[in-house]
Amino acid sequence: MRLSIIAASLLSAFAAVPAFAADEPASAHTFTGNMTLASEYIYRGIAQTNRKPAIQGGADYSHSSGVYAGAWASNISWLSDLSATDAKVSSSVEVDTYGGFKLPVGDVTLDVGVLKYWYPGTYPAGFVNPETLEGYFGTSYKFATFKYSYSFTNLFGAQAVQEDGSTKKSEGSQYFDLSLNPELGAGFVLNLHAGRQLVANFPGASYNDYKIGVTYDLKGWALGAAYVTTTAKASSGDFYRSALNRDLGSDRVVFTVGKTF
């Protein structure tokens, strides 16, 4: 009899716990992580890993007020490829840090923030630092997103000394990004993108980039395939001809496997 009373008391106590926990307010803080394996790292339509795979990952924090911050990293080769020339560069990784604020207005979400691209490594004397700081403003509605970016520094090291000795810089470069990601059903999402990169003071370096692809949700894993093309000029001596004499903006088919947790 005594054991039955004790058991009943314990069951009553445990039964009360979920009701108590349900009354606790939801946390204002959210932490997420992400990881991706890509057949090649393509950014704004331009090859970053010389047709080789990329391992990428990041972490994000967001607050219920709309404030957010994060970091993301990927292997790259476009800088170390310069080792094929007289300029020896050891950098083989890109690290992005960013922060901003999102504001929902009805069905529309406004987004404003800053992003810094870091390229840790060693560089020869006189080499222009490729680190870039951009500010951005974006807006999204359902499956449509538009984002505008403006560089406060040289864009990925784009700088040249002219015949008169003056320096031509690329501060004030701009990028326009329109992306549509409608759901197709059965776990499939269509990925459409059009972008316009304007490189300040280097009109020959400006170009358009386009992407059409699809992602599929396989038990929490995102499987993706996309076709990417650009109008970037990459003949001998052009801005997008690599140190290994390859066209960085040529047509590509890229495959990805990723997960957010």
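What follows is a set of questions and answers on a predicted model.

Student: What helices and strands make up the protein chain, and what share of its residues counts as buried?

Tutor: The protein chain has one helix and 17 strands. Of its 261 residues, the share that counts as buried is 32%.

Student: Is threonine 229 buried or exposed, and which residue does its side chain meet in a polar contact?

Tutor: Threonine 229 belongs to strand 16, which covers residues 221–230. Its relative accessibility is 19%, and because the limit for burial is under 20%, threonine 229 counts as buried. Leaving aside neighbours within four places in sequence, threonine 229 is in contact with Asn208, Asp209, Tyr210 and Asp251. The polar contact, at 2.6 Å between side chains, is with aspartate 251.

Student: Where does glycine 138 lie, and how many Å separate its C-alpha from that of aspartate 177?

Tutor: Glycine 138 is part of strand 8, residues 132–141, and with 5% relative accessibility it counts as buried. Beyond four places in sequence, the residues in contact with glycine 138 are Thr109, Leu110, Asp111, Phe146 and Lys147. Although glycine 138 and aspartate 177 are 39 residues apart in sequence, their C-alpha to C-alpha separation is 9.0 Å.

Student: Which residues of the largest nonpolar core touch the most other members?

Tutor: In soluble globular proteins, nonpolar side chains tend to be buried together. Here the largest nonpolar core has 14 residues, and those touching the most other members are Ile46, Val199 and Tyr240. Apart from this core lies another, of twelve residues, among them Trp72, Val89, Tyr98 and Tyr136. Returning to the largest core, the names asked for are Ile46, Val199 and Tyr240.

Student: How many residues line the second largest pocket, and how many of them are nonpolar?

Tutor: The second largest pocket holds about 830 Å³ of space. Its lining consists of 35 residues, with Trp78, Phe156, Phe239, Tyr240 and Leu248 lying nearest the centre. By class, the lining residues comprise four charged, nine polar and, as the number asked for, 22 nonpolar.

Student: Where is phenylalanine 239, and what is its relative accessibility?

Tutor: Phenylalanine 239 sits in the loop between strand 16 and strand 17 (252–260). Not counting residues up to four places away in sequence, phenylalanine 239 touches Ala158, Phe202, Ala205 and Lys233. Phenylalanine 239 and phenylalanine 202 are 37 residues apart in sequence, with 9.1 Å between their C-alpha atoms. Phenylalanine 239 counts as partly exposed, because its relative accessibility is 40%.

Note on methods
Residues numbered from 1 in each chain as written. Predicted model: local features only at pLDDT ≥ 70, side-chain atom pairs only at ≥ 80, totals over all residues. Heavy atoms only, no water. Helix = DSSP H or I, 4+ residues; strand = E, 2+ residues; numbered from the N terminus. Buried < 20%, exposed > 50% of the residue type's maximum accessible area, 1.4 Å probe, protein only. Polar contact = N/O pair within 3.5 Å; in protein donor to acceptor, adjacent residues only side chain to side chain. Contact = heavy atoms within 4.5 Å. 1 Å grid on protein atoms, 1.4 Å probe; cavity = no way out; pocket = protein on both sides within 12 Å on 5 of 7 lines; lining within 4 Å. Points joined across faces, edges and corners; volume = space filled by probe spheres on them. Nonpolar A, V, L, I, M, F, W, Y, C, P; charged D, E, K, R; others polar. Core = buried A, V, L, I, M, F, W, Y, C linked by side-chain atoms within 4.5 Å.
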